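Here is a short briefing to read alongside the model. It starts with the strands and then moves on to helices, loops and the pocket.

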Amino acid sequence: MTKKKKCTMVIAFVFLLIFICALGIIIKNKYFSSDYDQLNDADKKMLGEYNQLYETIQSDKLWSDFDLADKTILAVSKDSLNTYLINPKDFSDNLLTKKINMPDDFRLQSVYRIAPIALQALKIRLDVGNFNTIGKEYPAFGNQVYFIKYDEEDSLEKPYSSSHFTPLLTHEAFHYYMQNEWKIVENPENPLTEDDMTLLKDQYQVLDNIRAELKSGRDRDVLIDYARQYVDIVSKRMENNKEYVLSELSHETAEGTAQYLTIKVSKIIGYDYGVMYFDNIQDVPFMDAFTQIDAGKLSVNYLYDQMPYHTGAQLCLLFDELNIPDWQEKLNSQTLDKEIYLYDVLQEYLSNL
């Protein structure tokens, strides 16, 4: 046998092996474990959580004009590569997909498992991140999908985590579908002066007071007084360092509203997550950020990079309690040329009382 012929046979054998493996994957996906009860625990929990959310948002929207129930979701397991097309439109089963028989009492019935070999064709590689980013589209079997990856440990089992599957999905999908016209001002990197830090501490103390009142008395007059204190402090901060504070407010508005939805969805699915929750710890005071910075455990940059998620979410919860009219619609109406911040909404509301 010539060397060329041996090489040809090896190549043919490799292609045959790849074909057999691919065929095996397709057959396994198509003909085995197609009932919800036959799925592994992580996949059942993921679909069960999404069903809880799906049932709720059919009648009670999470945010004005944000209809997550109408979106097609592609959920990809990082553990097993099991991939589920959830709630597709105008879709029919095919060789690479298998309809999952969901429990009769689930509102969510349109779920298809996709053979993992289809992922590359869908341009969803293992190295592209864990969810869609603004400006990118991913077509899958005739649907534009929002894709998200999950695993059992971080997405489904870890306590007090912002990365829990359904809340994270909602948080990131809100960025993707609702915030394309929301202006995010880059951090000017102006250093916080001593006066800036003093005022920011005052601001965080007021937020701690608001949170305590929301948990206990929920006295409207008390909350209004705290809200006025908050607006006064932020106004003073802008006088001292306007460029920095406006950048912070844009960050707070974009991330705080998404974090608000993280908290809202957590309550829907019965997951314990709230304002100032971190991995394996809950209910941390706002003022603790300064304690950690003074102890050298956090960088002062944390105040800009991470705290606006929590300060913004706290303001959103305050708006709900005060029943501020159309506050979500006001934020939705902003454009890249006409930004509206949470601070603006609160300031306008208080000025009209």
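Strand 1 is mostly covered, with six of its six residues buried (buried means under 20% relative accessible area, exposed over 50% and partly exposed in between, using a 1.4 Å probe and protein chains only). Thr72, Leu74 and Val76 point one way from this strand, while Ile73, Ala75 and Ser77 point the other way. Please keep in mind that this is a predicted model, in which local features need pLDDT of at least 70 and side-chain atom pairs count only at pLDDT 80 or more, while totals for chains, interfaces and linings use all residues. Residues are numbered from 1 along each chain as its sequence is written, and side-chain values use heavy atoms, with hydrogens and water left out.

**The chain as a whole**

- The chain holds 12 helices and six strands; helices (H or I, at least four residues) and strands (E, at least two) are DSSP runs, numbered from the N terminus.
- Of its 353 residues, 47% count as buried.
- Among contacts between residues at least 6 apart in sequence, 70% join residues at least 24 apart, where contact means heavy atoms within 4.5 Å.

**How the strands pair**

- Strand 1 (residues 72–77) and strand 2 run antiparallel and are joined by four bridges; two strands pair if DSSP finds at least two bridges between them.
- Leucine 74 stands opposite leucine 85 in strand 2.
- Five residues lie between the strands in the hairpin of strand 1 and strand 2, and leucine 81 there takes a positive phi near 70°.
- Strand 1 also runs parallel to strand 6, with six bridges joining the two.
- In strand 6, lysine 149 is the bridge partner of valine 76.
- From strand 2 (residues 83–86), Thr83 and Leu85 point one way and Tyr84 and Ile86 the other way, and all are buried.
- Strand 2 pairs with strand 4 (residues 111–114) in the antiparallel sense, over four bridges.
- Within strand 4, valine 111 is the bridge partner of isoleucine 86.

**Residues of helix 7**

- Serine 266 lies in helix 7 and has a relative accessible area of 0%, so this residue is buried.
- The side chain of serine 266 reaches the backbone oxygen of threonine 262 at 2.8 Å. For a polar contact, the cut-off is a pair of N or O atoms within 3.5 Å; within protein, one must be able to donate a hydrogen and the other to accept it, and residues adjacent in sequence count only if both atoms are side-chain atoms.
- Not counting residues up to four places away in sequence, serine 266 touches Pro167, Tyr271 and Tyr273.
- Serine 247 is placed in helix 7 and counts as buried at 0% relative accessibility.
- From serine 247, the side chain reaches the backbone oxygen of glutamate 186 at 3.1 Å.
- With residues up to four places away in sequence left out, serine 247 touches Val185, Glu186, Asn187, Pro188 and Tyr304.
- Valine 222 is found in helix 7 and is partly exposed, with a relative accessible area of 28%.
- Valine 222 and asparagine 209 are 13 residues apart in sequence, and their C-alpha atoms are 9.6 Å apart in space.

**Loop residues with positive phi**

- Phenylalanine 141 has a positive phi near 50°, in a residue other than glycine.
- Its place is in the loop between strand 5 (138–140) and strand 6 (143–150), where phenylalanine 141 is partly exposed, with a relative accessible area of 26%.
- Asparagine 323, also not a glycine, has a positive phi near 55°.
- The loop between helix 10 and helix 11 (327–332) holds asparagine 323, and this residue counts as exposed at 61% relative accessibility.

**The largest pocket**

- The largest pocket has a volume of about 420 Å³.
- Of the 17 residues that line this pocket, Leu214, Ile263, Lys267, Val275 and Leu317 are the closest to its centre.
- Helix 6 (194–215), helix 7 (220–269) and helix 10 (307–322) are the elements that give two or more residues to the lining.
- On a 1 Å grid over the protein atoms alone, a pocket is an open set of points where a 1.4 Å probe fits, with protein on both sides within 12 Å along at least five of seven lines, and lining residues have an atom within 4 Å of a point.
- Grid points are joined across faces, edges and corners, and a volume is the space filled by probe spheres set on the points.
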